[in-house]
Amino acid sequence: MFTLQIEHKIKDFGMWKAAFDRDPVNRAASGVTTYRIGRPVDDPHYVVVELDFEQRGQAEALLANLQAKVWNSADLAPALEGAPKTRILEAAS
């Protein structure tokens, strides 16, 4: 299993979550098997998203799609502040 981990500052969680729920990258068709959303307890303007995939290439393709089409669009990512920090993790056990 591979996980695309995304961390970034946001303006407003409700606005961010509504944009996430609109799913502009079609997570299921992109190979996402499950996802988790976390928020630091001491920072309401930060979010951590983990998207799980069966194959590394699926995670890489979705990341490229987010970078090219979503994160630089004020309409698709209205609550995003700055550039997201990303990494692809491989399950170690």
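# Strands, rings and salt bridges in a predicted model

Student: In which strand does I6 lie?
Tutor: Strands here are DSSP runs of E, at least two residues long, and helices are runs of H or I, at least four long; both are numbered from the N terminus. The run of residues 2-10 holds I6, and that run is strand 1.

Student: What kind of model is this, and what is left out of the side-chain values?
Tutor: This is a predicted model, with residues numbered from 1 along each chain as its sequence is written. Local features need pLDDT of at least 70, side-chain atom pairs count only at pLDDT 80 or more, totals for chains, interfaces and linings use all residues, and side-chain values use heavy atoms, leaving out hydrogens and water.

Student: Is I6 buried or exposed?
Tutor: Buried means under 20% relative accessible area, exposed means over 50%, and partly exposed is in between (1.4 Å probe, protein chains only). I6 has 5% relative accessibility, so I6 is buried.

Student: Which residues does I6 touch?
Tutor: A contact means heavy atoms within 4.5 Å. Residues up to four places away in sequence are not counted. The contacts of I6 are then V47, V48, V49, L51, L66, W71, P84, K85 and T86.

Student: How many aromatic pairs does a search of the whole structure find?
Tutor: Rings of Phe, Tyr and Trp (its six-membered ring) pair if their centres lie within 6.5 Å; planes under 30 degrees apart are stacked, over 60 edge-to-face, and the rest tilted. The search covers the whole structure, and the number of pairs is three.

Student: What is the geometry of the W16 and F20 pair?
Tutor: A ring pair is described by the distance of the centres and the angle of the planes. W16 and F20 are stacked, at 5.1 Å centre to centre and with planes at 20°.

Student: Which helix holds both W16 and F20?
Tutor: W16 is buried at 8% relative accessible area, and F20 is buried at 11%. They are four residues apart, about one turn of the helix. Both belong to residues 13-22, which is helix 1.

Student: Which residue lies over the face of F20?
Tutor: A charge sits over a ring if NZ of Lys or CZ of Arg is within 6 Å of the ring centre and within 35 degrees of the ring normal. F20 belongs to one aromatic cluster with F13, W16 and Y35. F13 has R39 over its face, at 4.0 Å from the ring centre. For F20 the distance is 3.9 Å, and the residue is R27.

Student: Which residue meets R27 in a salt bridge?
Tutor: A salt bridge is a side-chain nitrogen of Lys or Arg within 4 Å of a carboxyl oxygen of Asp or Glu. By that rule the count is six. R27 is buried, at 11% relative accessibility. Its N to O distance is 3.3 Å, and the partner is D23.

Student: How far apart are the C-alpha atoms of D52 and R36?
Tutor: D52 is buried at 3% relative accessible area, while R36 is partly exposed at 35%. The two are 16 residues apart along the chain, and their C-alpha separation is 8.7 Å.

Student: How far apart are the end C-alpha atoms of helix 2?
Tutor: The expected span of a helix is 1.5 Å times one less than its number of residues. Helix 2 (residues 56-70) has 15 residues, so it should span 21 Å. The model agrees, with its end C-alpha atoms apart by 20 Å.

Student: Which strands do the buried residues of helix 2 pack against?
Tutor: The buried residues are A59, L62, L63, L66 and V70. They cover an arc of only 100° around the axis, taken from the directions to the C-beta atoms, so they sit on the same side of helix 2. The face turned away carries the exposed A68 and K69. The buried residues pack against strand 1, strand 3 (46-53) and strand 4 (80-90).
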